[in-house]
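Dear colleague,

I am passing on the structure below, and after it you will find notes on what came out of looking through it. Please read them alongside the model.

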Amino acid sequence: MTVIVAKWTIDEYHRMIDAGILSDRKVELLKGEIVEMSPEGEPHAYSSGEAGDYLAKLLAGCAKIRHAKPITLPNNSEPEPDIAIVQLLGREYRQHHPYPENIFWLIEYANSSLEKDLETKSKIYAETGILEYWVVNLKRLHLMVFREILDGEYATKQTLTGGIIQPLAFPDVSVAVEQIINS
C-alpha cells in the first residue's frame, strides 16, 4: 500500500491559520507538511530565553532577535526556530515574516526534537540559502554549528562546548558559546 501525504502551500497554511483551524495546535509547516512541535520543557525555555537576551545585547543596533516566531521559506516551509537573528526591517515584518535574505542565522534548542533539528530542519535551512544554523543539544550541552552550503546541504559541522565563535554575518562579534548553551 502506498501512502500519499497531502502537501500544503504557504498560502493554504496561512488560510488555515486565519480560519482558526490550527488555533489549538502548536504546529509548523515543513516542506509542505504540517508538523506538530515538541513541547518546550524548562531547560529549553530557560536556555533559549537567556541566549536570546544575550544576543539582543550583543547585536543591539545590528540585528533583531526573534524568539520562536515564524520565518517564511520558498520550499513551502514556515518553521518557528527558537531564535532567528534577522535584519532590522521594523514595520516591514507586519507584512511578512523574515525571508531567507533577511536572516543572518538561526538557532534551535533540542531535547526531544534533536533528530528533526539535525536532519529535517538543517536540510530545509540549507536548501533555502540560510548561511548559518546552530543547534544546541540540551542533553549533552554542546553547540553544533552548520555552515558552508554545498548541493543544498551544510558541508561543515563543528561541535563546541566552550570558547568563542564569530557568526559569519558579524565576523567582528565574539559570541561566548557558554552563553548560548546556558549550562
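Which residues of helix H1 (residues 10–18) are buried? They are Ile10, Tyr13 and Met16, where buried means under 20% relative accessible area, exposed over 50% and partly exposed in between, with a 1.4 Å probe and protein chains only. Helices (H or I, at least four residues) and strands (E, at least two) are DSSP runs, numbered from the N terminus. Seen down the axis of H1, the buried residues fall within an arc of 120°, taken from the directions from the helix axis to the C-beta atoms, so they line one face of the helix. An α-helix has 3.6 residues a turn, so residues three or four places apart point the same way. The face of H1 turned away from the buried side carries the exposed residues Asp11, Arg15 and Asp18.

Before going further, please note that this is a predicted model, in which local features need pLDDT of at least 70 and side-chain atom pairs count only at pLDDT 80 or more, while totals for chains, interfaces and linings use all residues. Residues are numbered from 1 along each chain as its sequence is written, and side-chain values use heavy atoms, with hydrogens and water left out.

The cover over the buried residues of H1 includes E1 and E2. Strands E1 (residues 27–30) and E2 (residues 33–36) run antiparallel and are joined by four bridges, two strands being paired if DSSP finds at least two bridges between them. Glutamate 28 stands opposite valine 35 in E2, and in the two-residue stretch between the strands of this hairpin lysine 31 takes a positive phi near 50°.

Elsewhere there is an open sheet of six strands, in the order E3-E4-E5-E6-E7-E8, with mixed pairing. Strands E3 (64–67) and E8 (153–160) stand at its edges with a single partner strand each, so one side of each is left without a neighbour in the sheet. Within the sheet, E6 and E7 pair in the antiparallel sense over five bridges, and tyrosine 133 has phenylalanine 146 in E7 as its bridge partner.

Technical notes. Contact = heavy atoms within 4.5 Å.
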